[in-house]
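Visitor: Please take one part of this model and look at it closely. Then set it in its surroundings.

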Amino acid sequence: MRSVRKGCVCLCLLLATASMAACGERTQNGTFSYEELMAKFEGGIEQNATIRVLDNQMAIETGHLQEILDAFNERYSEYNVNAVDANMDQYVDLEQNGPDGYGPDVLYQANDMLMRYAEGGHILPLPTEQLDISAISEATMDAYLLETYGLDLYYGMPVAQQSTVLTYRKDLLPADWETRWDDDRNGVPDMVENLNDLYAYSLEVKEASGGEKYGLYMSLLDQYFNSEYLLSYGAYVFGETSEDIGLNAEGVETGLNLFRDMAGVLGSHCISQDATTQAATYLTDANGTAFCTIGTPDWLMTFRENLAKTYMRAGDDAETAARKAEENLVVVAPPDLPKDGNVKKELTNAAEETFEPVTMGGVNAFAISSYTKYPKASLAFVKFVSEYENLKWRSEALGAVPAREDLAEELGGVSEMLGERVAGGKVYMMPSTRDTQYIWPPLSSMFNDVATDNTTRDNPKYTTKESLRAVLDKLVEDIRSAMALGKS
Amino acid sequence: MKKSGQEKNRLPYQVKLSCAFMGLGQLFCRQFGKGLLLMAVEIGFVLFLIFAGVENIVGIFTLGTKEAVPIMGIEGDNSVKMLAWGITTVFLCILFGLVYYANIRDAAYTAEEIRKGNRVRTFSESCRTLIYGKFYFLTLSVPILFVCVFNIMPIVFTALVAFTNYGGEIVPPKLVDWVGLANFGLIFTVSEYAVTIVKIFGWNLLWAVVATALNYFGGLGLALLYNAKCLRWKRFWRIFPVLAYAIPGFITLTGFRFLFSDGGPVVGMLREWGWISEQFTFIGFDSKWSLRLLGFFACAWISVPSVMFLATGILSNVNRDMYEAASLDGANAWQCFVHLTLPFVLFATMPVLLNSFIGNFNNFSIFYFLRPEVTYDTVNYFYANNTDLLINWIFNLTVDKKLYSLGSALSMVLFLFMAIVSLVVYMRSPSYRKEDTYK
């Protein structure tokens, strides 16, 4: 038995020696030229390719995705290409699934998410010379710019712009709004023009209905929409680098205090993520539970659909209901904010006392997964959906604001308004870096804390400028901690 | 005699041959079928080592040397897969070692049979012996193998991840590194983690003790009540705990969340009656003890019926003579409960109680469903809320924030704590120390 033991020891030593001897240096893969990086897109489309396309939920629900897939498959039928719905969660994590061989070939997401993938090498840089980007502004394209191997490369084909708009029900306006709520006599209700009047109107509606109805209804936890109150008063997310976090810049406490005041009138029911989905119901129900909400322009299609159903339940035929829903749901720019941050005061000269807000914005784009087996077919799909006519089709079907300036101009309305806001620097683009992921949880937590302070807290803590400043400083500290620990 | 003893101690040549190469000894014992099969196993294993095994084991040490470049389609090493394959190979090596050992023992047995002049078993006889003579071995080895594959290997994988920097920004295609005990150091030294772990651990311990006691005595109380002679329509009353038990836990918890939410009927009624202030909320950012108490209530609602059923069964076996003797001695109902019922039930249910404690310590669902909003109390915690248990925090860190290595390190600390507590409590319990009391 001694020899058996010796044998075992020898075997272990042999394996250990072999293992240790094989421990080599880690190798990097050098750099690549633009031509080398784009070589995979050269040549004809792969025959018999099946590409999985991940689009947003609205495109799937409205049937637009299937329509565009069918159109693409028909156009490229000679290659027998089959583009299909990836049938995955719209926020699927390519970083997690891609290396394991899952995930879509083509994906549609916002710039912060896509550029996180770009930094990790999970999506492909696109040959922009093959794409029609002439009508897309430089600022929009830059959301997808990343320096890789010393080259400026674009990782997404911008399709839609996202930012904040206010949607209200025209038929819920008070009968006397032209005399009571249109001081400047411009034919637009004051409560959708400035936040002071919206605050006053919300308070009036709440008191008159015993808390059953709302003027403005939205989630107080939504970091994306509520960051408007910080950005408008001087905040910024990152400066030159992500080391420079500007969410606690000088004067931002004024905006936070304004948010706190708004929370007081919106109430504790809005301190919930569910409030975002509830807004679609409250804005469109027969009772007129909410007069307006703040969200993204593409929500309009859902609102119209819901409101048309409400009218149909009340006895209207489908055509009349759809027409009335279209007429009564109005989308406007987010209301102006008071310069001094006092949302409770009555304005004497709105034009002088308010200013246009800065809202958070993003650019949604189509990108191609690095793990696709069919890069050429995937690129063909991206080219197809970004064609002028197909973008127009998408914008009309989904209510999305196109990234193409010429199309936005042609469509007019919300698209044009948002385009002007972007051009005027009133939309703060979500930083296209993976560090953006670290700002959301602390930001949401802070909004929760401050909103709670003016709704359900027995002893409010944030009643002074100093206390609000402290909470902003803590926010930045928390973001730094999360960033440091995430990278450790 | 001395010479004979030396001869006896000397290994037979068949054993030496089997030590050198599996199955060789068997071949020389004229057991060709078994010998060839064992040789095939060794050849297969050696080929596996040559083509993949050694590389897999090396992979555990290096966790990859070549980083992939997905945008160029350049394949590289996937550290996580290498770790998984490495562990699998180590398990295969251990399995091969066991087979090798069995092969040597078999050769020694056969050589001894030959020395005694007995007939050597044929291949079919060996198979029959395995099937009929060692049936217990055959039937138990399959579950053990499955336990290794589906339980032990994932646990080893998770444990090893705790010693790497996997997670956060270090995910494939980036290569993962071994970092030793750095993650454990982070947990206990970085203020964000240390403060959070101390706060959550204290609450978690309190939760586990109180929830277990509440469920246990609630269930026992209910069982005694249903056992009482004075109670009429016992079968009818027993329906209600069955209903509470039969409904899936997460549905019950979702119901509780709706009932006790700010716009829910309970809060509305309590406000209307003036029992709570307008500001009071059960489920809100500031809710701490109100939500914790709600958690205890919800947990009891879900768990008390199961304890009640268990206790009902145990109480039906109680020797009534003891109670009669006690009442003759002048014992009242309370004394009977404390000195007769409780020791008897405790003795029978201590392992269940322990299991319930562990289950409550790791009770993920209660606060996950009661407080679904994904906002964290970043003022006081790191990616956690004041009602989160350690298991919820680990979930936040791993699934939500993808800090896998930290989550693994925390899981290991949790596992060690629970293992020690469970062992100590069980060793000191009457179920273990006074095993024969009620036999």
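Guide: Helices here are DSSP runs of H or I with at least four residues, strands are E runs of at least two, and both are numbered from the N terminus. The model is predicted, with local features needing pLDDT of at least 70 and side-chain atom pairs pLDDT 80 or more, while totals for chains, interfaces and linings use all residues. Residues are numbered from 1 along each chain as its sequence is written, and chains are lettered from A and ligands numbered from 1 in the order in which they are written.

The part to look at is helix α21 of chain A, residues 440-453. Start with its packing against helix α12 of chain A, residues 252-266. The two axes lie 8 Å apart, at an angle of about 55°. (Axes are lines fitted to C-alpha atoms, for helices over the stretch in contact; angles run from 0 to 180 degrees between N-to-C directions.) That angle makes α12(A) oblique to α21(A). (Under 35 degrees counts as roughly parallel, over 145 as roughly antiparallel, 65 to 115 as roughly perpendicular, and the rest as oblique.) The crossing of this pair is right-handed. (Right-handed means that the near helix is turned clockwise from the far one by less than a right angle; left-handed means anticlockwise.)

From α12(A), the residues in contact are A:Leu256, A:Phe259, A:Arg260 and A:Ala263; from α21(A), they are A:Val450, A:Ala451 and A:Asp453. (Contact means C-beta atoms, placed from the backbone, within 7 Å.) By class, this contact has five nonpolar and two charged residues, with no polar ones. (Ala, Val, Leu, Ile, Met, Phe, Trp, Tyr, Cys and Pro are nonpolar; Asp, Glu, Lys and Arg are charged; the others, Gly among them, are polar.)

Helix α22 of chain A, residues 465-487, packs on α21(A) at about 155°, and the axes are 9 Å apart. That makes α21(A) roughly antiparallel to α22(A). This crossing, too, is right-handed. On the α21(A) side, A:Pro442, A:Leu443, A:Met446, A:Asp449 and A:Val450 take part. They meet A:Val471, A:Leu475, A:Asp478, A:Ile479 and A:Ala482 of α22(A). The class count is eight nonpolar, two charged and no polar residues. A:Val450 belongs to both contacts of α21(A).

Step back to chain A. Its secondary structure comes to 22 helices and 17 strands. Its C-alpha trace spans about 95 × 60 × 45 Å along the principal axes. Of its 488 residues, 49% count as buried. (Buried means 20 or more other C-beta atoms within 10 Å, exposed 12 or fewer, partly exposed in between, with C-beta atoms placed from the backbone.) Of the chain A contacts with a separation of 6 or more, 72% join residues 24 or more positions apart.

Chain B comes next. The domain assignment, which is automatic or from a database, gives domain 1 (2-180) and domain 2 (185-433). Their C-alpha centres lie 44 Å apart. Each of these domains of chain B gives nine residues to the contact. On the domain 1 side, four are nonpolar, five polar and none charged.

B:Gly35 sits in helix α4 of chain B, residues 32-62. B:Gly35 is buried, because 24 C-beta neighbours lie inside 10 Å. Beyond four places in sequence, B:Gly35 contacts B:Gly23, B:Leu24, B:Gln26 and B:Leu27. B:Tyr368 lies in helix α16 of chain B, residues 365-370. With 18 other C-beta atoms within 10 Å, B:Tyr368 is partly exposed. B:Asp388 is 20 residues from B:Tyr368 along the chain, and their C-alpha atoms are 8.0 Å apart.

Terms used: Contact = placed C-beta atoms within 7 Å.
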